[in-house]
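Biologist: I would like to learn how to read salt bridges. Please take me through an example.

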Amino acid sequence: MTTNRLEAFSDGVLAIIITIMVLDLKVPIGDDLMSLKPYLPKFLNYLFSFIYVGIYWNNHHHLFQAIEKVNGGILWSNLHLLFWLSLLPVSTGWMGENFHSRFPVIFYGFVLLMSSLAFMLIEKTAIKQEGKESIIGKSVSQNLKEKGSSIGYILGIVLAFIQPEFGIVVYGIIALIWLIPDRRIEKSMK
């Protein structure tokens, strides 16, 4: 089976995730700039999560450009990723309402960690199917950025136990690192 249906389904789920997150934003009461102040943490958290969904969408797109055929393992590992990403609206909303509180920030970091691990599982499953000498096998064999991100999420979770804002800063740094697209697959396909 080709990747078209899996990509279309995943794109749809990611679009729904973004829609659910934006629907959680409330219209400010009032008509001046000060009316926005109480909504700023929630909006910034939405922006943060929107960027994360965009990063996953971008990397998912590149990943599936290199995968030639989809098998059951890839389908299930992709659903595993989508499950964790589908928890982003809940964790985003909870952290947006309680960004100074330990457990919402920890839960947000846990969702990010599990999403990261799920994405690496898709890569591993694809390499197992397509082989180490395939485009995907050669492209993602050195996944230092991914492993470093997972370690960073764990660090953010631990720091959130001490001070929630420290965890948020770590999650933000990881997002900034991923704003620079992963070009390993693009380079391998030339």
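Biologist: Is D24 buried, partly exposed or exposed?

Modeller: D24 is partly exposed, at 28% relative accessibility. Buried means under 20% relative accessible area, exposed means over 50%, and partly exposed lies in between (1.4 Å probe, protein chains only). A caution: this is a predicted model, where local features need pLDDT of at least 70 and side-chain atom pairs count only at pLDDT 80 or more, while totals for chains, interfaces and linings use all residues. Residues are numbered from 1 along each chain as its sequence is written, and side-chain values use heavy atoms, with hydrogens and water left out.

Biologist: How many salt bridges are there?

Modeller: Side chains of opposite charge can pair when their charged atoms come close. The rule asks for a side-chain nitrogen of Lys or Arg within 4 Å of a carboxyl oxygen of Asp or Glu. The count here is 2 salt bridges. In one of them, D24 meets K42 at 2.7 Å, N to O. D24 sits in the loop between α1 (4-23) and α2 (40-66), and K42 is in helix α2, so the pair ties together parts 18 residues apart in sequence. Helices here are DSSP runs (H or I, at least four residues), numbered from the N terminus.

Biologist: Which side chain does E97 meet in a salt bridge?

Modeller: E97 pairs with K42, at 3.3 Å, N to O. E97 belongs to helix α4 (residues 88-97), 55 residues from K42. Shared partners join D24, K42 and E97 into one network.

Biologist: What is the relative accessible area of K42?

Modeller: It is 13%, so K42 is buried. E97 is exposed, at 55%.

Technical notes
Helices (H or I, at least four residues) and strands (E, at least two) are DSSP runs, numbered from the N terminus.
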